[in-house]
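Trainee: I am new to this structure and would like to go through it slowly. Could we take it one topic at a time?

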Amino acid sequence: MITDAAPIVTARVGHDDSHTLEGYLATGGYEGLRRALELGRDQVRAEVDAASLLGRGGAGFPAGRKWSMLGRADVTYLVVNGDESEPATFKDHLLVERDPHQVIEGATIAAYALGVAQAFVFCRGEFALGLERLTAAVNEAYAHGALGRSIFGSDFSLDLVIHPGAGAYICGEETALLESLEGKRGFPRIKPPYFPAAIGLYGAPTVVNNVETVSNLPWIVRHGGAAFAALGTGSSTGTRLFALSGHVRRPGWYELEMSKVTFRDLIFDPSLGGGLAEGRSLKAFIPGGVSAPWFGPEQLDLGLDQEAVGKAGSMLGSGSVVVMDDSTCVLRAAWRITRFFHRESCGQCTPCREGGGWLEKILRRLEEGGGREEDLDLLMDACDNIAPGVSWPPQQTTICVLGPSIPSSIASAVRMFRDELLLHVKEGGCPLRGAR
Ligand SMILES: Cc1cc2nc3c(=O)[nH]c(=O)nc-3n(C[C@H](O)[C@H](O)[C@H](O)COP(=O)(O)O)c2cc1C
Ligand code: SF4
């Protein structure tokens, strides 16, 4: 046993009826909300502060601090971000599909603590089953008195609206999401303000939190913030849901205690990733979604810890870990990722719109055999124009972080595997025939 921490957000996932109200109530469902109403708003906020719950959407900002940006003044809207469109990221999908009532209960607790009477769940439109279940769960919650007027007989009322996204990755960026909710094109808003706390949806104070972030709230309220903070170490408290994919024997989601489990455990432990295929060795892995700089085997013993991963030059980001074994063409991997970002760029900023396209073209010509040695410097130069210094966290020349995420995979491939990239030039194409 790597850690004996019990699961928090996936505790019900093994039950066939985990998505129904009946199944939810039989496993402690809505007890967190009842407890929250007894505790009162200030005490709920105090528990979330004590939990040191970091946001699970990517940036890892503490939820309690985000909620306190307006002091004790009321927020107008709560928006739960379930857009989850980044390649290899599939944790919120699980939570929406398998435990929709937990998302609703978490959102309702957050709304209560924030003094909000109107909340939204912005959910990726392609989550067909998830949306069906979430919609059914919202209807059940209204009928049960967990949503709507005078929740469980209290003086707190909340309406919750589900809004399916239309398929754009950029609508996961919180200000683009708000534009989309307002019925406009999903363009990220100019910053400052950096958070929608003061000027958010329809210009009103808004808190945006991720699906997994709010899914932790029922447990935190029931067990206390201190119990949550007792898991993990330092600022990385509680458990976290990791989506493991790529060249491992057992890809899938794993809810793990933060910090206590290492990348080596996650990838190689027989009860988790189960290691690589027979005869294969680890070439690289992406520790936190395709926006993140890559790590090599020498970083395997780092804990799944926000601070430690940040200090090592990358991020835990969206919690998706992608494993690449020695059969991987790293150039092709960087190309595929860049192609995704270029396609998903909203086009407002020249470095992102044009730079992404140039980089994609250079990578393609290298992969297809038309590359030149100087293309490697050209790649880094174009990356430097998007994110000066090509470091992590990135410097920004753009409105949002999508642009500065483009260099991550490219700079990782050039810096870690320069010789392999040069071999593409020398051999007029990919030296790893049949590379995955
Ligand atoms: C390009 C881009 C895409 C993003 N996609 C998501 C997403 O799908 N889900 C999400 O929760 N956050 C996403 N984020 C982060 C959000 O802007 C925001 O930080 C997050 O929803 C806040 O929730 P949290 O504090 O609970 O983590 C994205 C950010 C960027 C720049
Ligand atoms: S960085 Fe890219 S995605 Fe973000 S606002 Fe600018 S053009 Fe749009």
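Mentor: Gladly, and please keep in mind throughout that this is a predicted model. We can begin with the residues around ligand 1, whose shell has seven nonpolar, nine polar and six charged residues.

Trainee: Which strand gives the largest share of the shell around ligand 1?

Mentor: The shell around ligand 1 holds 22 residues, and G55, G57, G172, N210 and T213 come nearest to the ligand. The largest share from one element is three residues, and the element that supplies them, residues 206–210, is strand 4.

Trainee: From which domains does the shell around ligand 1 draw at least three residues each?

Mentor: The protein is divided into domain 1 (21–229), domain 2 (232–325) and domain 3 (330–426). The shell around ligand 1 draws at least three residues from each of two of these, namely domain 1 and domain 3.

Trainee: Turning to the other ligand, which elements give two or more residues to the shell around ligand 2?

Mentor: Ligand 2 is surrounded by 14 residues, of which C346, C349, C352, C400 and G403 are the closest. The elements that contribute two or more residues to this shell are helix 15 (350–367) and helix 17 (402–416).

Trainee: How many residues of the shell around ligand 2 are charged?

Mentor: When the residues of this shell are divided by class, eight are nonpolar and five are polar. The number of charged residues in the shell around ligand 2 is one.

Trainee: Which elements give two or more residues to the side of domain 1 that touches domain 2?

Mentor: The centres of domain 1 and domain 2, taken over C-alpha atoms, are separated by 26 Å, and 18 residues of domain 1 are in contact with 18 residues of domain 2. On the domain 1 side, the classes are nine nonpolar, five polar and four charged residues. The elements that give two or more residues to that side are helix 5 (91–98) and helix 11 (225–229).

Trainee: How are helix 6 and helix 7 oriented to each other?

Mentor: Helix 6 (residues 100–114) and helix 7 (residues 128–144) have axes 9 Å apart and pack at an angle of about 55 degrees, in a crossing that is right-handed. The contact joins P100, H101, V103 and I104 of helix 6 to R133, L134, A137, V138 and A141 of helix 7, and by class its residues are seven nonpolar, one polar and one charged. Since angles of 35 to 65 degrees fall between roughly parallel and roughly perpendicular, helix 6 and helix 7 are therefore oblique.

Trainee: Is the crossing of helix 5 and helix 7 left-handed or right-handed?

Mentor: Helix 5 packs against helix 7 at an angle of about 40 degrees, with the axes 7 Å apart, and that makes helix 5 oblique to helix 7. Here H93, V96 and E97 in helix 5 meet L129, G130, R133 and L134 in helix 7. As for its hand, the crossing of helix 5 and helix 7 is left-handed.

Trainee: What is the orientation of helix 14 and helix 17 to each other?

Mentor: Residues of helix 14 that meet helix 17 include V330, L331 and A333, while those of helix 17 include L402, S405 and I406; the residues of this contact divide into 10 nonpolar, three polar and one charged. The axes of helix 14 (residues 330–344) and helix 17 come within 9 Å and cross at roughly 170 degrees. Because angles over 145 degrees count in this way, helix 14 and helix 17 are roughly antiparallel.

Definitions and conventions. Residues are numbered from 1 along each chain as its sequence is written. Chains are lettered from A and ligands numbered from 1 in the order in which they are written. This is a predicted model: local features need pLDDT of at least 70, side-chain atom pairs count only at pLDDT 80 or more; totals for chains, interfaces and linings use all residues. A residue is near a molecule or strand if its C-beta atom, placed from the backbone, lies within 6 Å of it. Helices (H or I, at least four residues) and strands (E, at least two) are DSSP runs, numbered from the N terminus. Ala, Val, Leu, Ile, Met, Phe, Trp, Tyr, Cys and Pro count as nonpolar, Asp, Glu, Lys and Arg as charged, and the others, Gly among them, as polar. Domain bounds come from an automatic or database domain assignment. Two residues are in contact if their C-beta atoms, placed from the backbone, lie within 7 Å. Axes are lines fitted to C-alpha atoms, for helices over the stretch in contact, and angles run from 0 to 180 degrees between N-to-C directions. Angles under 35 degrees count as roughly parallel, over 145 as roughly antiparallel, 65 to 115 as roughly perpendicular and the rest as oblique. A crossing is left-handed if the near helix is turned anticlockwise from the far one by less than a right angle, and right-handed if clockwise.
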